[in-house]
Amino acid sequence: MFVTVKARVYTDATGVYTEIPALLTPAGVLEPLLDYCLYRSHDRSLTWMSKVTRSVRMFLEYLQTNPAERDTYRLFQNFAQRLYTGTFDRETGLDPSSLCWDPRSPQDASHILTHISEFFDWST
């Protein structure tokens, strides 16, 4: 399970903090994402950070639902397709993945994929 929370991040001894979204995972705060938001905090808004955090959370949920997929290219391609199509079976209306995603607009899906790609590019 992944939960988005507000984090107060202190970067020095002044007592001044930056409040940004953070993603809690079963292993704790997803620190690379926290670092990315801090890195971009001077030129990006809280709204942007929240959207990036949501996008990463969705990808991690998809990854957790599909642990057998080892081909990273295929995993990302399938994730992208599910953003556009949703995760419900068109014939039965059921969602065996339990993600329960409705189809996203092409613009929203594109933004999610851009957020994830830029985060991955930054982190490598």
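Two strands pair if DSSP finds at least two bridges between them. Helices (H or I, at least four residues) and strands (E, at least two) are DSSP runs, numbered from the N terminus.

## Basis of the model

This is a predicted model, in which local features need pLDDT of at least 70 and side-chain atom pairs count only at pLDDT 80 or more, while totals for chains, interfaces and linings use all residues. Residues are numbered from 1 along each chain as its sequence is written, and side-chain values use heavy atoms, with hydrogens and water left out.

## Strands

Strand S1 (residues 3-10) and strand S2 (residues 17-25) run antiparallel and are joined by eight bridges; Lys6 stands opposite Pro21 in S2. The two strands form a hairpin with six residues between them, and Gly15 in the turn has a positive phi of about 90 degrees.

S2 is also joined to strand S3 (residues 28-29) by two bridges, again antiparallel, through a hairpin of two residues. Leu24 stands opposite Val29 in S3.

## Aromatic residues

The whole structure contains 13 aromatic pairs, counted where ring centres of Phe, Tyr and Trp (its six-membered ring) lie within 6.5 Å; planes under 30 degrees apart are stacked, over 60 edge-to-face and the rest tilted. The ring centres of Phe76 and Phe79 are 6.4 Å apart with planes at 40 degrees, so this pair is tilted.

Both residues lie in helix H3 (residues 72-85), three residues apart, about one turn of the helix. Phe79 is buried, at a relative accessible area of 0% (buried is under 20%, exposed over 50%, partly exposed in between, with a 1.4 Å probe and protein chains only).
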